Amino acid sequence: MAHALDRHLALIGFMGAGKSTLGIVVALHLGRRFVDLDRELERAMEESIPELFEKRGEAEFRVLEREATLRALTNERPAVLALGGGAVETPAIRKTLREHALTVLVEVDAETAWTRVGGSARPLARDEASFHELFGRREPLYAETADAVARDVDGLVLAAAGIVVEEGAFGRLAELLPSGEHELVGDGNVLGIHRPPLEVPVHALPEGEEAKSLGAIETVWRGLRLDRDGTIVALGGGCATDAAGFVAANYLRGVCWVAVPTTLVGQVDAAIGGKTAINLPEGKNLVGAFHWPELTVIDPALLQTLPPEVRRAGMAEVVKTGLLVGEPLWELADAELIRRCAAYKAAVCLRDPHERGERAVLNLGHTFAHALEAAGGYGEVSHGDAVALGLLAALRLSDLDTTVVEEVLVPKPVRVDRDAAWAALGRDKKGREGKPRLVLLDAPGKPVTGVELPDDQVRAALNELIAD
Ligand SMILES: NC(=O)c1ccc[n+]([C@@H]2O[C@H](COP(=O)([O-])OP(=O)(O)OC[C@H]3O[C@@H](n4cnc5c(N)ncnc54)[C@H](O)[C@@H]3O)[C@@H](O)[C@H]2O)c1
Ligand SMILES: [Zn+2]
C-alpha cells in the first residue's frame with residue numbers, strides 16, 4: 001500500500017523511537033484522531049503498562065494488546081495510530097496492518113533508543129544487553145511490516161501522501177513501482193533528457209501546455225494496452241503529470257498512476273494532491289478529476305537540467321509556501337527545500353483532498369496571478385511571473401513587508417489590458433457573485449481565506465502589477 005489517503009496511518013517502531021510524540025503532531029497535520037495504543041490499553045485496564053506486565057506476564061499482555069490494536073485498526077474512520085513497540089510480533093496485527101493501514105516505521109538506532117528509555121519503568125528497557133538483543137530480534141519484523149520509513153513529522157506526512165523524496169530515486173524507479181504492468185506517459189522533451197530505467201511501452205506527450213489538450217490525451221488513451229490492474233507512470237513537469245494523471249483517472253474508468261515530476265513546480269506543487277486536468281479553448285484546467293497518485297517519486301537531482309526560467313517559475317511556488325509556513329524555505333538547498341514544500345502541500349491536501357475548504361490557502365497570490373494570465377491571453381504572462389506579482393499584491397493588501405518577494409523573485413509589472421485583468425479577477429472561479437475571495441496573511445505563517453475587500457482597494461492593488 002502506497003498512501004494513507006483513505007486508511008489509517010500506523011506508526012511502528014522500537015520503544016524510544018518517538019512514535020507517540022511524532023504521532024500527535026502528524027495527526028494534527030492530517031486533521032485526524034490520534035490513538036496511542038499503549039495509553040488506550042492503560043486507560044481501558046486502569047493499570048500502567050509496567051503493572052500489566054508485572055501482574056499478568058508478557059503473554060497475557062500481548063493478548064490484550066492484540067485486541068485493542070485490532071479494534072483500533074478496524075475502526076472505519078482513518079486515524080493516526082501509534083502501536084506498541086512489540087505489537088508487530090503478533091501475526092494477527094501484522095495481517096490487519098496490511099489490510100487497513102499504511103504502516104510507517106519510525107526509525108531509531110539502538111543506542112539512541114537506549115539513551116531515551118534505558119533504565120526507565122518500561123518493562124523491556126531495564127537491562128541494556130537484553131534491550132539490544134530485543135532490538136536485533138525485532139528489526140527484521142519492522143522492516144517486513146513497514147510500507148515506508150520516516151524519522152520526523154515531514155517524513156511521516158510525505159509517507160502518508162505516498163511521496164518519496166530522495167536523491168537518486170529516479171535510478172531505482174523500477175523497484176519503487178507497484179507490481180503489475182506499467183506504461184510510461186511523459187513529456188517528449190523530458191524523455192530525451194531523462195530516460196527512466198524501465199522496459200515499458202512509452203507514450204510521448206507534446207511539450208508544455210500542448211500536453212493538456214483533448215487531442216494529445218486521446219492519442220495516449222488510444223495507444224494504451226494496460227488492463228485495470230496496470231499503472232501509468234507520468235514523467236515531466238506539471239503539464240505532463242496533469243495530463244497523464246487525467247489519462248489515468250479516466251482510462252478504463254480509472255487506473256493507478258505514479259507521478260515522477262521533473263520540474264520544481266512539479267516537485268513542490270503539481271504532482272502532489274491528486275488534482276489532474278486538461279485545458280479547453282475556454283480556459284485552463286476546466287476539465288479534470290481528483291485522482292491521487294499511488295506514489296510520487298521525487299528526485300531533486302532531475303532539476304539540474306532545468307532551464308533557468310523554468311526553475312524561476314518554481315521558486316514563485318516555493319516563496320508562496322514559505323509565506324504560508326512562515327519560514328524562509330527559499331533559502332534551503334534543493335533537497336530540503338523540496339521536502340519541506342512537498343510536505344506542506346501534502347498535509348493541506350490530505351486534510352482537504354477534494355478542495356472543500358482549507359485547501360484554498362494554496363491559492364495565495366493566485367487570484368491576481370490568474371487574472372494577469374487571463375488578461376494576457378495565456379502566453380503573454382507566464383504562471384511563475386504572474387504568481388510573483390500576485391504574491392506582491394497579497395502582501396501589500398495584508399500590510400506586510402514585500403522585500404522577500406522582491407529580492408527572491410524580482411517581479412516586473414506586466415503589460416496587459418487593465419480592464420481585461422479586472423474583468424478576469426471578477427470571473428475567478430473561486431470568487432462569489434463577481435467578487436474575488438482573497439487569501440491574505442495575518443502574518444507570515446498565518447493565512448486567512450475568503451477575504452472580501454472593497455473594489456477600489458483590490459483594483460488599485462491589481463493596477464500596481466500592470467505596466468503602462
Ligand atoms: N495539479 C496541480 O495541483 C497543479 C499545481 C500547479 C501547477 N499545475 C500545472 O502545472 C503546469 C505547469 O507545470 P511546469 O511549470 O512544471 O511546466 P511544464 O510541465 O510545461 O515544464 C516546463 C518546461 O520544462 C521542461 N522540462 C521539464 N523537466 C525538465 C528537466 N528536468 N530538465 C529540462 N527541462 C525540463 C519541459 O519540457 C517544459 O518545456 C500548468 O499547466 C499548471 O496548471 C498543476
Ligand atoms: Zn501556481
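# A chat about a predicted model

Student: Where is the place of Leu105?
Tutor: Leu105 belongs to strand 4, which covers residues 101–106. Helices (H or I, at least four residues) and strands (E, at least two) are DSSP runs, numbered from the N terminus. This is a predicted model, in which local features need pLDDT of at least 70 and side-chain atom pairs count only at pLDDT 80 or more, while totals for chains, interfaces and linings use all residues. Residues are numbered from 1 along each chain as its sequence is written, chains are lettered from A and ligands numbered from 1 in the order in which they are written, and side-chain values use heavy atoms, with hydrogens and water left out.

Student: Is Leu105 buried or exposed?
Tutor: Leu105 is buried, and its relative accessible area is 13%. Buried means under 20% relative accessible area, exposed over 50%, and partly exposed in between (1.4 Å probe, protein chains only).

Student: Which residues is Leu105 in contact with?
Tutor: With neighbours within four places in sequence set aside, Leu105 is in contact with Ile12, Gly13, Tyr142, Ala146, Ala148, Val149 and Ala150. Contact means heavy atoms within 4.5 Å. Asn363 lies 258 residues from Leu105 along the chain, and 33 Å separates their C-alpha atoms.

Student: Changing topic, which residues come nearest to ligand 1?
Tutor: Glu207, Glu209, Thr262, Thr263 and Thr305 come nearest, out of the 27 residues around ligand 1. A residue is near a molecule or strand if one of its heavy atoms lies within 4 Å of it. By class, the shell around ligand 1 holds nine nonpolar, nine polar and nine charged residues. Ala, Val, Leu, Ile, Met, Phe, Trp, Tyr, Cys and Pro count as nonpolar, Asp, Glu, Lys and Arg as charged, and the others, Gly among them, as polar.

Student: What lies 2.6 Å from an oxygen atom of ligand 1?
Tutor: That is a polar side-chain atom of Thr263. Ligand 1 taken alone exposes 870 Å², of which the protein buries 87%. These accessible areas come from the Shrake-Rupley method with a 1.4 Å probe; for residues, only the protein chains shown count as cover.

Student: Which elements give two or more residues to that shell around ligand 1?
Tutor: They are helix 9 (188–193), helix 11 (238–250), helix 12 (264–270) and strand 12 (283–290).

Student: And where is the place of Thr262?
Tutor: Thr262 is in the loop between strand 10 and helix 12. At 4% relative accessibility, Thr262 is counted as buried. Its side chain reaches the backbone nitrogen of Gly237 at 3.4 Å.

Student: What does the side chain of Glu47 make a polar contact with?
Tutor: The partner is the side chain of Lys55, at 2.4 Å. A polar contact is a pair of N or O atoms within 3.5 Å; within protein, one must be able to donate a hydrogen and the other to accept it, and residues adjacent in sequence count only if both atoms are side-chain atoms. Glu47 lies in the loop between helix 2 (37–45) and helix 3 (49–74), and Glu47 is buried, at 13% relative accessible area.

Student: Which are the buried residues of helix 5?
Tutor: In helix 5 (residues 110–117), Ala110, Ala113, Trp114 and Val117 are buried. Seen down the helix axis, the buried residues of helix 5 fall within an arc of 100°, so they line one face of the helix. The arc is that of the directions from the helix axis to the C-beta atoms.

Student: What do those buried residues of helix 5 pack against?
Tutor: They pack against helix 6 (128–145). The face of helix 5 turned away from its buried side carries the exposed residues Thr115 and Arg116.

Student: What is phi of Leu252 near?
Tutor: Phi of Leu252 is near 50°, a positive value in a residue other than glycine. Most residues other than glycine have a negative phi. Leu252 lies in the loop between helix 11 and strand 10 (256–261), and Leu252 is partly exposed, with a relative accessible area of 34%. Tyr378 is not a glycine either, and has a positive phi of about 45°.
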